[in-house]
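Here is a short report on one protein chain. Keep the sequence and the 3D view open as you read.

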Amino acid sequence: MKVKAFPEVFNTFGSTDIKNSKKAILNSGILETYRNELLLNKDGCIFKLVHNDLIRGLCVEDYIICCDFTGPIGVIYLPNEIYENLLLDEINNDINIELFNPPQASKITLKSSTQISNTTSIKEDIENEIKKNHMFIRLDDVISVNNDYFIVQKLEPYNICLANNTDIELEIDEFNFEDN
């Protein structure tokens with residue numbers, strides 16, 4: 001489905017805050033198109049956004065979850081970071097949106113930004129953070145826990161996976177401080 005995408009600042013239709021998130025404000029046309037799939041998917045739904053930039057000869061994609069369907073017909077509102085990742089601007093803002101159903105994550109390998117003293121405790125904190133704030137997770141995503149940062153280095157079974165409502169095997173590769 002083709003829509004026009006605008007950055008978060010253009011949303012004057014409600015008070016929903018999508019800043020610094022993977023959430024977007026979609027429209028009722030998208031709800032009507034995917035109503036049956038949305039109702040059947042108990043784990044939630046992810047939407048794939050594709051921008052074919054014919055001028056630059058690029059095809060860029062990103063993923064979002066919907067926080068509501070209050071946007072005007074034919075329009076969606078995106079967080080600034082996702083808007084910029086898709087290489088959009090006020091003139092070149094046509095994108096395709098489709099429902100995307102990735103598999104549940106089975107294994108996540110993270111790279112720590114700091115040395116970890118209590119691996120068991122931090123694993124529990126990371127799992128709680130993922131379940132609470134990350135409906136889906138992608139390779140190279142950064143997860144922040146207790147002022148530490150962890151980069152998703154490996155993800156199974158796919159490079160983007162649902163991360164809620166699943167048991168996750170979590171591995172942490174610590175940064176090697178002796179090599180630096």
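## A residue with two partners

L110 stands opposite V152 in strand 10. On strand 12, the bridge partner of L110 is I172. Keep in mind that this is a predicted model.

Strand 7 covers residues 107-112.

Which strands make up the open sheet, and in what order? There are 4 strands, in the order 9-10-7-12, and the pairing is mixed. The edges are strand 9 (142-145) and strand 12 (169-173), each of which pairs on one side only. From one strand to the next, the twist averages 35°.

Look at the pairing in detail. Strand 7 and strand 12 run parallel and are joined by 5 bridges. Here I108 stands opposite L170 of strand 12. Strand 7 pairs with strand 10 in the antiparallel sense, over 6 bridges. As a general point, strands of a sheet pair through backbone hydrogen bonds, either parallel or antiparallel.

## Helix 3 across the sheet

Now turn to the helix. Helix 3 (residues 119-133) lies across strand 7, strand 9, strand 10 (148-156) and strand 12. The helix runs at about 120° to strand 9. Its length can be checked. At 1.5 Å a residue, the 15 residues of helix 3 should span 21 Å. The end C-alpha atoms of helix 3 are 21 Å apart, which agrees.

Which residues of helix 3 are buried? They are I122, I126, E129 and I130. These residues cover an arc of only 95° around the axis, so they sit on the same side of helix 3. An α-helix has 3.6 residues a turn, so residues three or four places apart point the same way.

What do the buried residues of helix 3 pack against? Their neighbours are strand 7, strand 8 (136-138), strand 9, strand 10 and strand 12. On the face turned away from the buried side, helix 3 carries the exposed residues T120 and K132.

How many disulfides does the count give? The answer is 0. Take C66. Its closest cysteine sulfur is in C67, 5.9 Å away, which is too far for a bond. The cut-off for a disulfide is 2.5 Å between the sulfur atoms. C161 is in no disulfide either, as the nearest cysteine sulfur, that of C45, is 16 Å away.

Are these cysteines buried or exposed? C66 has 22% relative accessibility, so it counts as partly exposed. C161 has 0% relative accessibility, so it counts as buried.

I160 is found in strand 11 (residues 160-162). I160 is buried, because its relative accessible area is 2%, and the cut-off for buried is under 20%. What does I160 touch, leaving out residues up to four places away in sequence? Its contacts are Y63, F100, P102, P103, F136, I137, R138 and L155.

N11 lies in a loop, between strand 1 (2-7) and strand 2 (23-27). Is N11 buried or exposed? N11 is buried, with a relative accessible area of 13%. Leaving out residues up to four places away in sequence, N11 touches T16, I25 and Y77.

## The whole chain

The protein chain has 3 helices and 12 strands. Its C-alpha trace spans about 55 × 40 × 30 Å along the principal axes.

How much of the chain is buried? Buried residues make up 43% of the 180 residues. Contacts tell another part of the story. Among contacts between residues at least 6 apart in sequence, 75% join residues at least 24 apart.

Definitions and conventions:
Residues numbered from 1 in each chain as written. Predicted model: local features only at pLDDT ≥ 70, side-chain atom pairs only at ≥ 80, totals over all residues. Heavy atoms only, no water. Pairing = 2+ DSSP bridges. Helix = DSSP H or I, 4+ residues; strand = E, 2+ residues; numbered from the N terminus. Axes fitted to C-alpha atoms, helices over the stretch in contact; angles between N-to-C directions. Contact = heavy atoms within 4.5 Å. Buried < 20%, exposed > 50% of the residue type's maximum accessible area, 1.4 Å probe, protein only. Expected span 1.5 Å × (residues − 1). Arc of directions from axis to C-beta.
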